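The entries follow the order of my looking.

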Amino acid sequence: MPNQDVFLVEGKRTPQVKSGFDLKDVSAPFMGVPLLRCLLDLNNIDEMSVDEVILGNTEAPPQYANVARVMALMAGLDSSVSAYTVHRNCASGMEAISQAFLKIKGMRSHIILAGGVENMSQMPLIYSKEMSELFIRVNKSKGLSEKIKALTQFRPPHLSPIIALEQGLTDPLCHLNMGQTAELLAREHNISREEQDTFANRSHSLALKASEGGVFVDEIVPILVGQKRDRLLRTDIGPRRNSTVDSLLKLKPHFEKKSGTVTVGNSCSVTDGGSLCLLASSDAVKKFKLDPMARVVDFSFTGLSPERMGMGPLSAIDQILNRNELKLDDIDLFEINEAFAAQVLCVLKGLEDEKLAKEYGLKKAWGKIPYEKLNVNGGGIALGHPVGSSGSRIVVTLSHELKRRKGRYGLASLCIGGGQGGALLIENLHS
Amino acid sequence: MDFQKISFVVTEGIAEVGLGFKCDKSLPLLDKETLKELDEALNLVKEREQEGSVKGVLFFSHHKRAFLAGVDIQLISDCKTESEGAEGAEKGQSLFNKIEDLSIPSICCVHGLCLGGGLELALSCDRIIASDSQSTFLGLPEVKLGLIPGFGGTFRLPRKIGLPKALDAILSGKNIYSKKAKRMGLVEGIFPKERVVTMARVLLDEAPKSKSFKESLENLASDNFLARKIVFQKARETVLRKTQGFYQAPLKILDVIESGFSKGRSSYLAMEAQAFGELCSSGQSQNLQHLFFLNEASKKVPKNYDSGKKPKELNRGAVIGAGVMGAGICWLMAKNKMYPHLVDLTFDALEAGIKQSSHYFLSQVKRKRMSYDELHILQSSITTQTNMKALGQCNLIVESVVEDLEVKKKLLQDLEDNVSDDAILASNTSSLGISEMAKNLKKPERFAGLHFFNPVPKMPLVEIVTHEKTSKETILSLHNWCLRGKKTPIIVKDGPGFLVNRILAPYLNEAGHLMAEGVSPRLIEDACLNYGMPMGPIRLLDEIGQNVASKVAFILQEKLGERLKPSSLMKDWEASDFQGRKNSKGFYEYDEKGAEIDFSEAFLKVLPSPAKPMNEIEIQMRIFLPMINEAAFILEEKIVEHASTVDLALIYGIGFPPFRGGLLKYADQEGLERILEALIDFSKNVNQERYAPSPLLKKLVADKKKFYD
């Protein structure tokens, strides 16, 4: 089988903004436009030379059914360039990169733009089933009298809307919402409230330090925001300046009001944002004289029971390390998406604890990930988790930090709603 | 019968008349031959109608984007006398009467533009249908040429769509796009362009729809004496407000429609033809027709620069400097899908530029020329950055940074290292030398000036400023790009103030000198406004900013000598903090909406007293004669080749009154000899240097020639 190296030429992201704030008027495709333009222009690649655009997106905005295609055309790519949208919940962005990886590795493509975009502010309210059926009946009925007759069946409760976001974050099989799955892990593996809040506080302070220290300048592309597109946004809105463990401890549990430990403070926030990576074959690197940041080594996706989805990274990391014959120590930097502090802490425990590792089907424990190597610029708790984008956002942040540290291997991993885990391994070419 | 200009076939009892057949011009026109052939075709239809072999007639066009662009303007401008004009109109009228008088049904299929005589033809058919294409629009733009629609348009349009809507369309001359035309009842139906003719055949078999209840109500409302009187009165008021009474055509149109409203067709049309004759032989209409030809000529590839090569398509742009002008140019690029880069030193500066551009788009949204979605797409296509990276794909880079020669020179050199080899570089300077900037460039041939006017969306003129080494290809590519952006480009050689600002200088200077002599600013403003200028010189200074204007004025004086000496007041203004509207310290005070209230006290205080009386004509001569004189210097120095370029530039660059046909056309009409005498007189009695007549002017007078010879 033909086989060639796949290069991560460069990755960029928009600022990540808590939903309802500065990015609320910027629909999903618009988040990709400045990223695509920036990646192509910085690397001097023309609009005809892109083979494909793949974007992760979970909100599926009704007016933009294929977000990736809309974004590609808006950004001025030639209409002959193919584009499609993928959905693997929280790992949609990583799924996009993985597909690009396979296509380039298999020598079918040379230049692919892959990433994710999500505007959670714009997730709709949905009419209830009863109301929708009523609409259909009114539509179908002929003549005024029949229409009125159909309308008489209307009852005010029909109007109470379903919040698409809330529904999307609840597993349809185990009927737990994502927060409740985190509570389950915290309960089962004894993760205390203090541990979670300490971890959350770390995320905020690291993110703030990175943001203020200009660490994100290389990865963030400024974006025009507002209904009039007359403001320029270039910093994340989410990390809290005045966060302390004590203040976090004062928050009430959100998902299990009485006995729970998971609060909005130690969970990721609902956030808008986008991220995009330029991936290229070695031929394309030569042709366009590119200077790639990293080589994409491998990816893996694994599954587990939906109610323990937070442990997804454990098996995914296990698989990718095994397949590439690497030890945990070989990895110089980790980005594990922080959906919930409880969930990340459980994954760390599972990597370290032989018994827990076996419980989740691993052959052995891998050891400890030191905090100096983990989410060193904060994570989802501070920066937020725009679902369709996070899978590629952590790859973007990982690649930039790995280059800065001159480390070799970097590993991005995240848990996936519905009970899956994803991991992606890159090798820095600037070490 | 052998037709050359139109096609004529009869299929299944329907006579199909195709216009724009084998069209050798860019747009199909009603020229002499077409009119003749149409007449013959109609005679054929009439014959067969009597035989009973034709049961309907259908008009359409073979042309891809036009039904008919109206009567050939050349034909109109050839009418030198009233009677020639009236006769020409009558010929057209009787032709269209023939269509109207057919006893078989007639239908007109419009796709693409349908203007003037084209719409008048359509109106003489029983029914009009149109394509739903965005390039389909109808209208009677004659008023813009100082004319009345002379082929029965003013008779038939009010009867088709009602008086108020018809008056609006005829008096404004605006285009009516197909959807709106359907709404207002001008066209009966709109269909995809491929289906229009098929649908016309179907419709010819059906009886026309009777008027809807709403239409009947509307007719009732406007079809009585009192309502009509009010409508005409309102229309007259609007016309006077919009034209300041400078234009005779709209008033004439109103007179004809009002006094002929209850008359029958033949006597009405006789009035219309008479009015057409009067207007088309008037000086004003000829000036406007002159402008029309200038405008058409500016769209053609300039001969001197035609290298035979195709101009490069400039499709990716960048603007360096996000000030008001930079943002304006960036807006233009974004609007034309060039995915521009906007570069400035700080994000604050970039954000200010972005705001400006958004503001321009928003005003289009407010006027319903654009949707919010389009605003989002176009505005979001702007990339902002604080460095010179990532410009490799751009093929037009315009710098619009601070007016400082050294800064610009260094920037251009930096740019050369950051852009692709075949990118064109341009400077939007208004006062610095293009040749000087080109000096240190590695590839000066791809560099030129590209001088826009503020505000970019409103001002159509762009000066393409060349220096000795600018290549023909560069000039042509920029020229072509300006046209694609719906701007009017003129090509000028490098020289202080280029063309427009150099002629504007005496306009502003002389106003200053007059004030320094004690002439009241109100008198000066009124004299200029009454001449037809859109803005008096003092108000214009507020708009430019006194500090900017003074700076430019002194540069011009330094380079061109004492002829362009600014008034003594200029120095004071430069020192004071008069910056016009920018810091709300101008000559005028403005209300919250930005409308002027009156002169500010602070300004009136610095003026000399006692006031010196001066009559309006003398003020106008003091201001406009030095402008004519400066234009003569410009022609002599070959900054531009021809007087027509000067005229076009001033009309589109500073709003010189169009009905005067341009500054030099006006000079020709006034008589150069008189102008020279007046200048000599001023140079003796007012100031020797400022009014010293140019050698070219003297030579023209000696040779008994005109600027336009």
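**Charged pairs**

I began with R236(B), which counts as partly exposed at 25% relative accessibility; buried means under 20% relative accessible area, exposed over 50%, and partly exposed in between, with a 1.4 Å probe and protein chains only. Before going on I noted that this is a predicted model, where local features need pLDDT of at least 70, side-chain atom pairs count only at pLDDT 80 or more, and totals for chains, interfaces and linings use all residues. Residues are numbered from 1 along each chain as its sequence is written, chains are lettered from A and ligands numbered from 1 in the order in which they are written, and side-chain values use heavy atoms, with hydrogens and water left out.

Which residue meets R236(B) in a salt bridge? I found E258(B), at 3.2 Å from N to O; a salt bridge is a side-chain nitrogen of Lys or Arg within 4 Å of a carboxyl oxygen of Asp or Glu. R236(B) is in helix α10 (residues 225-243) and E258(B) in helix α11 (residues 249-259) of chain B, 22 residues apart, so the pair links distant parts of the chain; helices are DSSP runs of H or I with at least four residues, strands are runs of E with at least two, and both are numbered from the N terminus. E258(B) is partly exposed too, with a relative accessible area of 29%.

I then noted a network in chain A: D5(A), R295(A), R408(A) and E427(A) are joined by salt bridges that share partners.

**Within one helix**

I looked up E401(A) and R405(A), whose closest N and O atoms are 2.9 Å apart in a salt bridge. Both lie in helix α15 (residues 387-405) of chain A, four residues apart, about one turn of the helix. Is E401(A) buried or exposed? At 8% relative accessibility, E401(A) counts as buried, whereas R405(A) is partly exposed at 39%.

K5(B) forms a salt bridge with D31(B), the closest N and O atoms being 3.4 Å apart. I placed K5(B) in the segment before β1 (7-11) and D31(B) in the loop between β2 (14-19) and α1 (32-51), 26 residues apart. K5(B) is partly exposed at 22%, and D31(B) counts as buried at 6%.

**A buried arginine**

Last, I checked R502(B) in helix α20 (residues 500-517) of chain B. R502(B) is buried, with a relative accessible area of 0%.
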